[in-house]
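Please look over the fold and its charged side chains.

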Amino acid sequence: ASTWTRASSLSNHDSVHGLAFDPVTPGRLYLSAYGSGVYRSDDDGDTWFNPDSLTKSLGSTFVRDLVAVPAEGGHVFVGGGNGVWESLDGGVTWASVSSGLPASFSVRSLALVPGAPLTLYAGSDSAGVWKSADGGASWTPASSGIPTPFIHSLMADAANALTVFAGSDSGLYRTTDGGASWTPLRTGLPY
C-alpha cells in the first residue's frame, strides 16, 4: 500500500504485539494489545472491539503474541504475563491452558503447528521454549541447544511440522525434531 491509515483507537501506550486473520470468517481479525487485551474486528479492521469486555475471562490485559487455528473459526490462543490462554468463540470467553508451565511464565511468542492434536510452542522472557503436543493441556520444556532463556519470536514451518524457528537474545535457532534439540543459524547474519 502506498499509504497507511491508523486502524485502531487504542491509546498510544498500548503496543500491538499480535495480529491474526480468522481463517473461516471473512473480514474478521484479532489483535493483541499489551495493556488492553485482545480486540476483534469483523469489518477488515475498520472498527475494533474487545469481545471479552463483559465476561473479563482473560486473566490479564497484558498480552503479547496471538495465533489463530487454521480451519477453525473463532479458535485463538494468546500469550501474556500469566501464561497461555485459549478462546473457542472468537475471544468472547477465555480459558487458561498453562498447566505444566512455570508459575511465573511470561509468554513473549507463540507458534502453532496445525493438526490433530494441535501442537503449540511458547517462548518466554525467562524460561526458554516450552511445547504442548495436546493443544495446551500440558507443557514440557523444549529449549535444548538455546543458551538464553529470552525467546523473542517463534515460527513453525507450515510444510514440516517438526521444524520451528526461534529468535532469541543469542540469535536465531532451528529445530527439525519438534523441539528436542535446536541448532544455531548464523551464516550471513550479523551475530
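Does Asp42 count as buried, partly exposed or exposed, and at what relative accessibility? Asp42 counts as partly exposed, because its relative accessibility is 37%. The model is predicted.

**Salt bridges**

A search of the whole structure finds three salt bridges.

| Pair | N to O distance |
|---|---|
| Arg28 and Asp42 | 2.7 Å |
| Asp42 and Arg40 | 3.2 Å |
| Asp125 and Arg108 | 3.6 Å |

The side chains of Arg28 and Asp42 meet in a salt bridge. Arg28 sits in the loop between E1 and E2, and Asp42 in the loop between E3 and strand E4 (63–68), so this pair ties together parts that are 14 residues apart in sequence. Arg28 counts as buried, at 15% relative accessibility. Asp42 also meets Arg40. Arg40 is buried, with a relative accessible area of 9%.

Asp125 pairs with Arg108. Asp125 lies in the loop between strand E9 (119–124) and strand E10 (129–132), while Arg108 is in strand E8 (residues 107–113), so the pair links parts that are 17 residues apart in sequence. Asp125 is partly exposed at 22% relative accessibility. Arg108 is partly exposed at 27%. Shared partners join Arg28, Arg40 and Asp42 into one network of salt bridges.

**The sheet**

Three strands form an open sheet in the order E1-E2-E3, with antiparallel pairing. Strand E1 (15–21) and strand E3 (37–41) are the edge strands, and each pairs on one side only. Neighbouring strands are turned by 20° against each other on average, direction ignored. Strand E2 (residues 29–34) and E3 run antiparallel, joined by five bridges. Ala33 stands opposite Gly37 in E3.

Note on methods. Residues numbered from 1 in each chain as written. Predicted model: local features only at pLDDT ≥ 70, side-chain atom pairs only at ≥ 80, totals over all residues. Heavy atoms only, no water. Pairing = 2+ DSSP bridges. Helix = DSSP H or I, 4+ residues; strand = E, 2+ residues; numbered from the N terminus. Axes fitted to C-alpha atoms, helices over the stretch in contact; angles between N-to-C directions. Salt bridge = Lys/Arg side-chain N within 4 Å of Asp/Glu carboxyl O. Buried < 20%, exposed > 50% of the residue type's maximum accessible area, 1.4 Å probe, protein only.
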